[in-house]
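Me: I would like to learn how to read a protein model step by step. Could you take me through one?

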Amino acid sequence: MDLSIVELLKTVILGVVEGLTEWLPISSTGHMILVDEFIKLDVSKAFMDMFLVVIQLGAILAVVVLNFEKLNPFSSWKTRREKQETFQLWYKVILACVPAAVIGLAFNDYMEEHFMTAPVVAATLIFYGVMFIVVENYNKHRRPSVSDLSKLSYKTAFIIGMFQVLSLVPGTSRSGSTILGGILFGTSRYVAAEFTFFLAIPVMFGASLLKLVKFGFHYTGAEIFILVVGMATAFVVSILSIKFLLQYIKNNDFKAFGYYRIVLGLIVIAYLFLVGDPTLQ
């Protein structure tokens, strides 16, 4: 591949898009599919398919770094009870990962073959954009029954995990589907977002490992460099976007993201009519 300044700039842009859209409920996969139409790296299709997933490792490392103390059950700073609560948090995360892991492993190839298209992305962007507005209106006069992550029950954690299955369809947004599930079943926006971030750790590590194994471990020096630059960019931008979202939802709802999704979905549909489906070219 041509490891030029232009290619590195493209990689940085893709890393920025990943870091922003992975945590905001607007669909990182959907954005990456669409951005790839205009910013094409000089790499093979197999490498690009792997890159679009593995770049998420940079984003997930941001969650680990920002929440290391909260996620570490062996911290010497924690009391015995706090350590037990941290273990319980991990048990809930693992339980919530089961539905998506089972469905994802069973239907991964089928979904990649049939759902990784611009029309699907446009439809899911609009549908879940509408759902965010509807759910927020429904939730307007309700008080959350869970305002502390430690009070999240195993049952609710599993239900949120069921909502995560929806995100296997590109354009849905993993964070969007799980946040919607959390809000519908009584969590505060903050708890829903926080649990969503932690839920991403095993899911995204697993998906990245699967892609790496599927691609093989034969990389050129340029390909390794591209991966590192992409992940490093996603890491830095993710730290900023996570902090922004957690601060934003203290005083705001998710309607703005719903409207954004609808507008973007309509833009994609207009593009499809004018140019055609870029994912089939």
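The dialogue below turns from confidence to a pair of helices and then to a salt bridge.

Me: What is the mean pLDDT of the chain?

Reply: This is a predicted model, and its chain has a mean pLDDT of 89, with 98% of the residues reaching 70 or more. Among the elements of the chain, the lowest mean pLDDT, 78, belongs to helix α2 (residues 28-38), whereas helix α8 (residues 154-165) has the highest, 96.

Me: How are two packed helices described?

Reply: In general, one gives the angle between their axes together with the distance between the axes. Here, helix α10 (residues 189-215) and helix α11 (residues 221-248) have axes that come within 9 Å and cross at roughly 160°. An angle over 145 degrees counts as roughly antiparallel, and α10 and α11 are therefore roughly antiparallel to each other. The crossing of these two helices, α10 and α11, is left-handed.

Me: Which residues of α10 and α11 meet?

Reply: On the side of α10 they are Y190, A193 and F197, and these meet I242, L245 and L246 in α11.

Me: How many salt bridges does the structure hold, and with which residue does E7 form one?

Reply: The structure holds 5 salt bridges, and one of them joins E7 to K10, where the closest N and O atoms are 3.2 Å apart. Both residues lie in helix α1 (residues 5-21), and because E7 and K10 are 3 residues apart there, about one helical turn separates them.

Key. Residues numbered from 1 in each chain as written. Predicted model: local features only at pLDDT ≥ 70, side-chain atom pairs only at ≥ 80, totals over all residues. Heavy atoms only, no water. Axes fitted to C-alpha atoms, helices over the stretch in contact; angles between N-to-C directions. Helix = DSSP H or I, 4+ residues; strand = E, 2+ residues; numbered from the N terminus. Parallel < 35°, antiparallel > 145°, perpendicular 65-115°, else oblique. Left-handed = near helix turned anticlockwise from the far one by under 90°. Contact = heavy atoms within 4.5 Å. pLDDT = per-residue confidence, 0-100. Salt bridge = Lys/Arg side-chain N within 4 Å of Asp/Glu carboxyl O.
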